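Here are some notes on the model, written for someone who will look at it beside the sequence.

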Amino acid sequence: MARRNVLITGCSSGIGLALAVKMAKDEQKRFKVYATMRNLAKKEPLEEAAGRSLGKTLEIKQLDVCDEQSIKTCVNSIPDRRIDILVSNAGMGLIGPIECQTIDEMKTVMDTNFFGLVRLLKEILPDMKRRKNGHIVIISSVMGIQGILFNDVYAASKFAVEGFCESLAIQALKFKLQLSLIEPGPVVTEFERKVFEDGMKMDLSAADEETAEMFTNIYLKNYKQIFQSLGQSAEDVAEHTVKIILAENPPFRHQTNTLYTPMTTLKYADPNGDLPIDTFYKMVFHHDKIFSASLNFIKLLRWRSRKSFDLGKPSQ
Ligand code: NAD
C-alpha cells in the first residue's frame, strides 16, 4: 500500500502531538505525517517525541485554523497538495456561567472548534473530491452528543461540528470519501489544565450567588476527580484514532471512552430528551455523594487493573 499523507492540526500538545508521533513511528511506515501547529515556537515537545522520525515520516508546519491564508500556504507546501487523511484536532474549551463570559470569548471558541474545521475543509475537500479519495477524521467530543453543566458554549461548538459532519457525510459518500467523528470523554491534557485554571480565575461577579456557588462548589470541586477517574490519556485517544483510520470500513462515530458510554446512551434511549437531563440533574444535585463514591470506585478499579481501556485486537 502506498504511503498516505496525513495532515493533523493542533500538534503542539495533547492528542494532536500523541497522534502525530504514533503515526510517524508506524512500524510499517504507512504514513507521512504533516504535523501542524499555530505557533512554531512551541514545536520542541513534538520534536523531542518524534525523535528519529523527524524529517523522515514527520514534518512540522505552521497552520492556524483561524487563518485561511495560513491553511492555504500549508496545503500548497505539500507535494501535489495531496492529503489522504485530514485530522481536524485543534480545539479549545470554555467553562463557566454564560453571564460571566464575553461574546468575544464565545466567538473565539466557535471560530476555532467549528469554523476551524470549515476553513480546513474549504481548502482540502475539493482536492479529495477530485481524487475521489480521502478520509476526514474529526476530534469531536462526547459533548458533541450531550451537553454538560457549565460547558454550554463548548458543547454548542461540538454540536455544530457534529451537525455539519452529518450533513457533509452524505455528500462525501457520493465522492467515496470517508468521514469519522472521534468522540473522547475526559482526556488529561493541556486542555483540561487550562480550562480548570481559567475556571478558577473566572470573575463570577456577574452571576447570582446560587449560580456562582454551583460553579465553584459543585462543578470545579468535582472537575479534577472526574478527570482522574474517567480520564483517558492523549495516547489512548491516539490509539483509538489510528484504529479508526486503519479500519476497512471506518465508522461515522467512535466513542473512545467505554466508561462514559452509559451516559451518552441515555440520549438515544429517550427521544423526548428528558432522560439524560434528569439523570445529570439528579446525579449533580441529589446524589452527589453516590456520584463521588462511584468515581472513586472507578478510579480504584482502573488502578487495580492497571489498564485503562480495552481496544480489542490490533487492526491490520
Ligand atoms: P490541547 O490543548 O493539548 O490541544 C489542543 C491543541 O489545539 C493545542 O495544541 C492548541 O495550541 C491547538 N490550537 C488551539 N487553537 C488553534 C488554532 N487556532 N490553530 C491551530 N491550533 C490551535 O488539548 P487536547 O485535549 O489534546 O484537545 C484536542 C482536541 O480534543 C480538541 O478539539 C478538543 O476539543 C478535543 N477533546 C478534548 C477533550 C479533553 O478532555 N481534553 C475531550 C474531548 C475532546
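1. **Ligand shell.** This is a predicted model. Three helices each supply at least two residues of the shell around the ligand: α1, α4 (103-131) and α6 (190-201). The shell holds 28 residues. The closest are Gly-10, Gly-14, Ala-90, Gly-91 and Phe-191. By class, 12 are nonpolar, 12 are polar and four are charged.

2. **Main core.** The largest nonpolar core has 52 residues. Which of them touch the most other members? They are Val-6, Ile-8, Ala-20, Val-33, Leu-86 and Ile-138. Helix α1 (residues 14-24) gives this core its largest share, eight residues. A second, separate core has 10 residues, including Leu-94, Val-142, Val-153 and Tyr-154. In soluble globular proteins, nonpolar side chains tend to be buried together.

3. Beyond four places in sequence, Val-33 contacts Val-6, Ile-8 and Ala-20, among others. Its contacts also include Met-23 and Ala-24. Thr-57 and Leu-58 complete the list.

4. **Helix α1.** This helix is mostly covered, with 10 of its 11 residues buried. The buried stretch includes Gly-14, Ile-15, Gly-16, Leu-17 and Ala-18. Leu-19, Ala-20, Val-21, Met-23 and Ala-24 are buried as well. Gly-14 is also among the residues closest to the ligand, and Ala-20 is among the core members with the most contacts to other members.

5. **Helix α3.** Which residues of α3 (residues 68-76) are buried? Ile-71, Cys-74 and Val-75 are. Seen down the helix axis, the buried residues of α3 fall within an arc of 95°, so they line one face. Gln-69 and Asn-76, on the other side, are exposed. The cover over the buried residues includes β2 (31-37), β3 (58-62) and α4.

6. The UniProt record, an unreviewed entry, places the feature "active site" at Tyr-154. This residue lies in helix α5. Is Tyr-154 buried or exposed? It is buried, because 24 other C-beta atoms lie within 10 Å, and 20 or more is the cut-off. Not counting residues up to four places away in sequence, Tyr-154 touches Gly-93, Leu-94, Val-109 and Met-143. Leu-94 and Tyr-154 both belong to the second core.

7. Ser-141 is found in the loop between β5 (135-139) and α5 (152-174). With 28 other C-beta atoms within 10 Å, Ser-141 is buried. Leaving aside neighbours within four places in sequence, Ser-141 is in contact with Lys-158, Glu-183 and Pro-184.

8. **Glu-162.** Glu-162 lies in helix α5. It counts as partly exposed, with 18 C-beta neighbours inside 10 Å. Outside four places in sequence, Glu-162 contacts Ser-140, Gly-144 and Leu-181. Glu-162 and Met-106 are 56 residues apart in sequence, and their C-alpha atoms are 18 Å apart.

9. **Ala-206.** This residue lies in the loop between α6 and α7 (209-230). Ala-206 counts as partly exposed, with 13 C-beta neighbours inside 10 Å. Ala-206 and Ile-98 are 108 residues apart along the chain, yet 9.3 Å separates their C-alpha atoms. Away from its sequence neighbours within four places, Ala-206 is in contact with Glu-99 and Cys-100.

10. **Two lysines with positive phi.** Most residues other than glycine have a negative phi. Lys-29 has a positive phi of about 50°. Lys-29 lies in the loop between α1 and β2, and it is exposed, with 12 other C-beta atoms within 10 Å. Phi of Lys-176 is near 60°, also a positive value. Where is Lys-176? It lies in the loop between α5 and β6 (178-183). Lys-176 counts as exposed, with 12 C-beta neighbours inside 10 Å.

Terms used:
Residues are numbered from 1 along each chain as its sequence is written. This is a predicted model: local features need pLDDT of at least 70, side-chain atom pairs count only at pLDDT 80 or more; totals for chains, interfaces and linings use all residues. A nonpolar core is a set of buried Ala, Val, Leu, Ile, Met, Phe, Trp, Tyr and Cys residues joined through C-beta atoms within 7 Å. Helices (H or I, at least four residues) and strands (E, at least two) are DSSP runs, numbered from the N terminus. Two residues are in contact if their C-beta atoms, placed from the backbone, lie within 7 Å. A residue is near a molecule or strand if its C-beta atom, placed from the backbone, lies within 6 Å of it. Ala, Val, Leu, Ile, Met, Phe, Trp, Tyr, Cys and Pro count as nonpolar, Asp, Glu, Lys and Arg as charged, and the others, Gly among them, as polar. The arc is that of the directions from the helix axis to the C-beta atoms. UniProt positions are given in the numbering used here, feature names are shortened, and annotations may be inferred rather than shown by experiment.
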